Amino acid sequence: MKNSTISEYVDPFWGNAGTASPAAEGMARNWNWLKAQTGNTHPGALVPCGWVSVVPYSGAYSSGYGINGVSSCGPAPVAMDGKYARGFSHFHTSGVGYIGYFYNYFLLTPAAAGVSTENHSRLDNEVARPGYFSGSLTDYGVDFELTAGKFAAFHRSTFAAADSGKVVLDLLLLGLDRNVIGTRKKEHIESFEVQCSGKNRWQGFVVGNRIRIYFAVEFRGNITDARIEGGKIELEISGKTADSVIAFSMNSVEEAAARLDEALAIGFSGACKAAANEWEKRLSGIRAEFSDESGKRIFYSALYHSLVKPVDTGDRFIDFQTMWDVYRTQLPLLLSLYPELGAKIVDSMLDTVEEFGFFPNGYLMTDDYHHDDNQATSLVVYTLCDGFNRGYINDYARLKNALLIEFGHADISDKSPTHRLDMAGALRAAADVAEKCGDIEYSAKLRKESEVWRTAYDPETGLLIADAVYYEGTHWNYSFRPHTQMKERIALAGGVEKFGKLLDQFFGADCPPETAPEERLSINNRFEGMNNESDMETPYCYLWAGRSDRLAEVCDLVRRCRFCEGDGGCPGNNDSGGLSSWYVWCVLGIYPYTGSRYYLLGSPSVESAEIDLSQGTLRIRVERESEKSIYPVEYEFNGKVFAEPWIGLDELERGGELKFRLSDKPAGRSPIPEWL
């Protein structure tokens, strides 16, 4: 009998259609459906954090794959009556909304001889697994297979309806279909250069979004004619098959050509096998068992889509497309599970800060490094401190220099109060690092500056200032963010009891479920239930109200009522893995409190798990009173029983056995974290 692999549980189509969440129960019926109801992922061929991806191109929102039109709230509009494609594009966003830059470079289109490619072809027989995609462009008379390496894409085409065909590589495509994107900002290729560099081989560059991408491509098959015209390489082929490999560089055409030679030496089958092996290696960093196969498929599909961004161009990591989401969940996942990858990401961030004088909130393949300045402030500090806490930064002088640069660049004046919370947490995280390194004077300075959080709150309400601008929500959505000096923040809200009541009001726990609407509505001042990421860490604020039981209820409802299998399985824009990685942490029952030296403990839904963390293997075991038990009664780590719903990062990441004991009923008030 064949042994199953973890990759077999992955559905690359997960999250790329309209959300199909199960019916809401209990207080989940009171939650807010503010944002777009689609994950916006894509199922293309790629390797973990690989720069190159390849996927059928329809021009749909937002990755260029699928049928969706532009959306920012409500059900995803359908722009096409079925699956279509014009060929295959390269480089894609993952799970994002309207960030303004959508890639989709280098459209490669195969077709049988005599077939017009003026219109889209039907896209049929789709098969996707990690590192591989296949299907049929039915109207073009082509069956295809796709795979990818970190710097190259591989195409294999069979002309199913004829004994000859053509392949066209369009260098001028960029962005989404004009009929889909409408009057919004349109991307375009600003300049290009291409020349023949050998038999059936071409190379050159394109400039899009003011960034130059070098390429080298080789076609294989019985090529009877080839020409370059109007930014297109067009080939005529005698025979049933045509293969192509295209490699890329951001440095030089020589590097692109060298990467092409490496890819050609590996070949399609070798690249496909290498991609599958790399995915299996990364996915196997967590070996989780569930009570049913469905839970396992959702979990590993979510983990897969958490490992797509950022991408390694060979010199630097880019595509931190939504830093304001991924710094809390997805980047800690990469740093915790994959030390080699995490160390490279952190070092790349230091390089970027040193070169740019700051780290962009949205670092994409564009020179528009300031387009997301209003989203957040100094988020890179959290990740740099996470890297230090995990041992990836040993040069404190270099880290301090980066902190001085980033804080010197930061400007929170005339911005949302959320920026003050960003700064307060970043300053506190940096102060803890400075203190650990013996830099007491700098640590004290940072701690004093972190008091800026106080100006963000209204002491009359215990919430953030209402009369201000908040992105993707109201002041309620940001009022329960765990941050520096939580003890004082809760006192400002009137104490633990008042704070807990405010949380209950926000989550709808104080509203009888039978009075809540059954349909998906946008309900102001309510938890967004993972339809959006702006308040995705707020359930953990219940720990500061002594209510680990309520945290367990929220996590259980989110898992059961918002996430599911299939292409509609993600409840909102996945935003570069920010949402899917939250789900991964939630299922495991541990949550990294970014910028700190602690993990928070929730209520796991796994039966058991083994997690390869940065310094050792963590074994999670769950003992339930019954199959429906969700409430933590106590915890045990390496034989030590404790009641506190948190554990030190240094302790946990060295590995060992963590037991959760769950009951059918709440166990009473839980200890409140005193370490902030």
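A: **The second largest pocket**

The second largest pocket has a volume of about 510 Å³. Its lining is made of 24 residues, and Val-47, Gly-149, Lys-150, Phe-151 and Glu-278 are the closest to its centre. H2 gives the most, with 10 residues. By class, the lining holds 14 nonpolar, nine charged and one polar residue.

Some terms need their cut-offs. This is a predicted model, in which local features need pLDDT of at least 70 and side-chain atom pairs count only at pLDDT 80 or more, while totals for chains, interfaces and linings use all residues. Residues are numbered from 1 along each chain as its sequence is written, and side-chain values use heavy atoms, without hydrogens and water. On a 1 Å grid over the protein atoms alone, a pocket is an open set of points with protein on both sides within 12 Å along at least five of seven lines; a cavity is a set where a 1.4 Å probe fits but cannot get out; lining residues have an atom within 4 Å of a point. Points are joined across faces, edges and corners, and a volume is the space filled by probe spheres set on them. Helices (H or I, at least four residues) and strands (E, at least two) are DSSP runs, numbered from the N terminus. Ala, Val, Leu, Ile, Met, Phe, Trp, Tyr, Cys and Pro count as nonpolar; Asp, Glu, Lys and Arg as charged; the others, Gly among them, as polar.

Now set this pocket beside the largest one. About 590 Å³ of space lies in the largest pocket. It is lined by 18 residues; Ser-291, Asp-292, Asp-556, Arg-560 and Ser-605 lie nearest its centre. Helix H3 (293-305) and helix H14 (548-561) each give two or more residues to that lining. The classes there are eight charged, five polar and five nonpolar residues.

H14 also carries Glu-553. Glu-553 counts as buried because its relative accessible area is 17% (buried is under 20%, exposed over 50%, partly exposed in between, with a 1.4 Å probe and protein chains only). Leaving out residues up to four places away in sequence, Glu-553 touches Met-27, Ile-630 and Tyr-631 (contact means heavy atoms within 4.5 Å).

Lys-309 and Pro-310 are joined by it, with omega about -10°. Pro-310 sits in the loop between H3 and strand S19 (311-312).

Ser-378 lies between H6 and helix H7 (379-389). Its phi is near 60°, a positive value in a residue other than glycine. Ser-378 is buried, with a relative accessible area of 3%. Helix H5 (residues 330-337) is mostly covered too: eight of its eight residues are buried. Leu-333 and Ser-336 are among them.

The whole structure has three cavities of 30 Å³ or more. Two or more residues each come from strand S10 (152-159), strand S14 (211-220), strand S16 (232-238) and strand S17 (241-249). S17 has the largest share, three residues. Seven of the lining residues are nonpolar, four polar and two charged.

Thr-241 belongs to S17. At 44% relative accessible area, Thr-241 is partly exposed. Neighbours within four places aside, it is in contact with Ser-157, Thr-158, Phe-159 and Gly-221. Thr-241 and Ala-160 are 81 residues apart in sequence, yet 8.9 Å apart in space, C-alpha to C-alpha.

S16 is also part of an open sheet. Its six strands run in the order S2-S5-S6-S11-S16-S15, with antiparallel pairing (two strands pair if DSSP finds at least two bridges between them). Strand S2 (54-56) and strand S15 (223-229) are at the edges with a single partner each, so one side of each has no neighbour in the sheet. S15 and S16 pair over six bridges. Arg-227 stands opposite Glu-234 in S16.
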